[in-house]
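Visitor: I would like to learn how to read helix packing in a model. Please take me through it step by step.

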Amino acid sequence: MIIGDRLRLLREQKNFSQGDIEKKTGLLRCYVSRVENGHTVPNVETLEKFARALEVPMYQLFYDGAEPPKLPNLLKRKTTDDILWGNSGDDANMLNKFCRIFGRMKESDRELLFLMARKMAR
């Protein structure tokens with residue numbers, strides 16, 4: 001689909017002239033003409049201006065159905081909570097073991113262990 005053809009079709013359906021679009025968007029009429037004739041490809045910000053001027057939701061610039069397109073069943077993305085170490089599985093079990101062991105240690109031994117861990121991490 002050529003976006004210029006779609007913009008012209010929507011404009012004509014609303015009985016707007018290129019001059020009307022110019023007034024509503026602040027874009028020059030000659031620019032509107034260049035877009036509609038396929039000489040210029042507008043960026044997303046400009047497409048938002050066209051959608052507001054044509055009084056249509058943005059998706060209708062790309063889709064000509066009456067209802068919004070159905071979204072495919074996308075896999076659930078992992079959240080940051082899912083990705084964090086120790087939230088689930090073997091990592092969570094290991095973290096629980098560390099907590100139990102550290103809870104039984106003397107404070108001085110725990111400080112020594114953390115000092116060694118910091119040096120090893122460098």
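Visitor: Is the crossing of H1 and H4 left-handed or right-handed?

Guide: This is a predicted model. In it, H1 and H4 cross in a left-handed sense.

Visitor: How is such a pair described?

Guide: Two packed helices are described by the angle between their axes and by the distance between those axes. Here, H1 and H4 pack at about 20°, and their axes are 10 Å apart. Angles under 35 degrees count as roughly parallel, so H1 is roughly parallel to H4.

Visitor: Which residues of H1 and H4 make the contact?

Guide: H1 brings Ile3, Leu7, Leu10 and Arg11. H4 brings Leu47, Phe50 and Leu54. By class, the contact of H1 with H4 has six nonpolar residues, no polar ones and one charged.

Visitor: Now the next pair. At what angle do H2 and H3 pack?

Guide: The angle between H2 and H3 is about 115°, with the axes 8 Å apart. The range from 65 to 115 counts as roughly perpendicular, so H2 is roughly perpendicular to H3. H2 passes H3 in a right-handed crossing.

Visitor: Which residues of H2 and H3 make the contact?

Guide: From H2 come Gln18, Gly19, Ile21 and Glu22. From H3 come Arg29, Val32, Ser33 and Glu36. By class, the contact of H2 with H3 has two nonpolar, three polar and three charged residues.

Visitor: Which residues of H3 are buried?

Guide: Buried means under 20% relative accessible area. In H3, residues 29–36, this holds for Val32, Ser33, Val35 and Glu36. They cover an arc of only 160° around the axis, so they sit on the same side of H3.

Visitor: What do the buried residues of H3 pack against?

Guide: Their partners are helix H1 (3–13), helix H2 (18–25) and helix H4 (44–54).

Visitor: Which residue has a positive phi although it is not a glycine?

Guide: Asn15 is one of them, with phi of about 60°. Asn15 lies in the loop between H1 and H2. Glu55 also has a positive phi of about 60° and is not a glycine. Glu55 is in the loop between H4 and helix H5 (80–83).

Visitor: Why does Asn15 count as exposed?

Guide: The cut-off for exposed is over 50%. Asn15 counts as exposed because its relative accessibility is 67%. Glu55 counts as exposed because its value is 52%.

Definitions and conventions:
Residues are numbered from 1 along each chain as its sequence is written. This is a predicted model: local features need pLDDT of at least 70, side-chain atom pairs count only at pLDDT 80 or more; totals for chains, interfaces and linings use all residues. Side-chain values use heavy atoms; hydrogens and water are left out. Buried means under 20% relative accessible area, exposed over 50%, partly exposed in between (1.4 Å probe, protein chains only). Helices (H or I, at least four residues) and strands (E, at least two) are DSSP runs, numbered from the N terminus. The arc is that of the directions from the helix axis to the C-beta atoms. Contact means heavy atoms within 4.5 Å. Axes are lines fitted to C-alpha atoms, for helices over the stretch in contact, and angles run from 0 to 180 degrees between N-to-C directions. Angles under 35 degrees count as roughly parallel, over 145 as roughly antiparallel, 65 to 115 as roughly perpendicular and the rest as oblique. A crossing is left-handed if the near helix is turned anticlockwise from the far one by less than a right angle, and right-handed if clockwise. Ala, Val, Leu, Ile, Met, Phe, Trp, Tyr, Cys and Pro count as nonpolar, Asp, Glu, Lys and Arg as charged, and the others, Gly among them, as polar.
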